[in-house]
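Subject: Structure for your attention

Dear colleague,

Please find below the structure that I am handing over to you. My findings follow directly after it.

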Amino acid sequence: MSVVDYKCPNCGGGMTFDSESGMLSCQSCGRKDDIEQLPNSLKHAVFSGNEAKEYHCSSCGAVIMTEAETTATSCSFCGSSVVLGDRLTGKLAPAMVIPFSISKDEAQKAFKKWCKNGRLTPAGFMTANRIKSITGLYVPFWLYDLHSNIQVQANGTKVRTYTSGDYSYTETQHFDVYRHILADYVKIPVDASEKMNDRLMDMLEPFPYDRLKSFKAPYLAGYIAEKYNYDAEELLPRAEGRIRSYIDSYIQSTMTGYQTVTYRHKDVRTAVRRADYVLLPVWMVQYDYKGEKYTFAMNGQTGKVVGQPPLSKGKMAWWFTGVFFASLLSLKALSWLMGGGFW
């Protein structure tokens, strides 16, 4: 059982990752250490398939009970940030991580601002502070680099209408259309946690992949982190599904100039060029309103908030009424300009 915590060399206080400076920071004396200059404490660790679920805090000795997927947490007794090292090695070692750049206070303020922008949400939801919890979570993702070999056969038509003498003619030309396309897609993200809502995670994109860093455990200090439940092979169908709409759009863009296009055959073969296991920063917000629980997610780098707030029936009725009368007035004005007798 490997428990890693980070103690300040100056005062012995607990150190956590500081999203503002990007460094490991002591909450007591203010010391800051560059994570990139720290030795990798997990470098020589060996992963055991029979992973234990009981750990002991290095600071106070208390037992730390966790779920099997947890890789970083905090001690419930003394509050020390701990990283469960034996769950981050071997096949479970992330290749890269995007650190948090938004602090907990900033996340709360951004979420409240987002709530107030909801035009159709109830007034009580927008003004009340009912945040039950806000948790900084490193969510496991697989990032895929995919290569697609695409072959398409289709029938295309071009229609020309012309007049000769007293007669009007319509000429339809038929074409055999063939396309052979090679397409590469880089860093297609798919969340690998069984707990996370896939749709919510998809909506959080894009993440700034230019800020990916080689994984080091200190980035997790002070946050919760999960390990993947599904490997890259298991999630490949989801990754292929995510690029399907891009492939269809690109095929259509190569077949302009035809009045109609009817596909006879489409063959798409996708291969994995690379799949990296990475941890991406997400603030999870639990919100209570009139006895109901609402879950929202915030991109820990960009501040983008996603989730479905409640809708006010009264506001929705006013909104639809407003749209109806605005459309009606527009039609009346257009009719008047055209000399019509609308109404």
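A salt bridge is taken here as a side-chain nitrogen of Lys or Arg within 4 Å of a carboxyl oxygen of Asp or Glu. By that criterion, a search of the whole structure, which is a predicted model, returns 14 salt bridges.

Three of these pairs are described individually below.

R160 and E171 form a salt bridge in which the closest N and O atoms are 3.4 Å apart. The pair links distant parts of the chain, eleven residues apart: R160 belongs to strand 10 (residues 131-164) and E171 to strand 11 (residues 167-191). R160 is partly exposed, at 43% relative accessibility, and E171 is also partly exposed, with a relative accessible area of 30%.

A salt bridge also joins R238 to D191, with 3.3 Å between the closest N and O atoms. Because R238 lies in helix 4 (residues 232-253) and D191 in strand 11, this pair ties together parts that are 47 residues apart in sequence. R238 is partly exposed, with a relative accessible area of 23%, whereas D191 is buried at 2%. Both residues take part in a network of salt bridges that links D191, D198, D202, E205, R238 and R242.

K195 lies in the loop between strand 11 and helix 3 (198-203) and E226 in strand 13, so parts that are 31 residues apart in sequence are tied together. K195 is partly exposed, its relative accessible area being 46%; E226, at 6% relative accessibility, counts as buried.

E226 also has a place in strand pairing, as the bridge partner in strand 13 of T70. Strand 7 and strand 13 (residues 224-226) pair in the antiparallel sense over two bridges. Four of the five residues of strand 7 (residues 70-74) are buried, so this strand is largely enclosed by the rest of the structure.

Finally, I turn to helix 1. The 13 residues of helix 1 (residues 104-116) should span 18 Å at 1.5 Å a residue, and the end C-alpha atoms are 19 Å apart, which agrees. The buried residues of helix 1 are A107, F111 and C115. Seen down the helix axis, these buried residues fall within an arc of 70°, so they line one face of the helix. The face turned away from the buried side of helix 1 carries the exposed residues D105, K109, K113 and K116.

With kind regards

Notes:
Residues numbered from 1 in each chain as written. Predicted model: local features only at pLDDT ≥ 70, side-chain atom pairs only at ≥ 80, totals over all residues. Heavy atoms only, no water. Expected span 1.5 Å × (residues − 1). Buried < 20%, exposed > 50% of the residue type's maximum accessible area, 1.4 Å probe, protein only. Arc of directions from axis to C-beta. Pairing = 2+ DSSP bridges.
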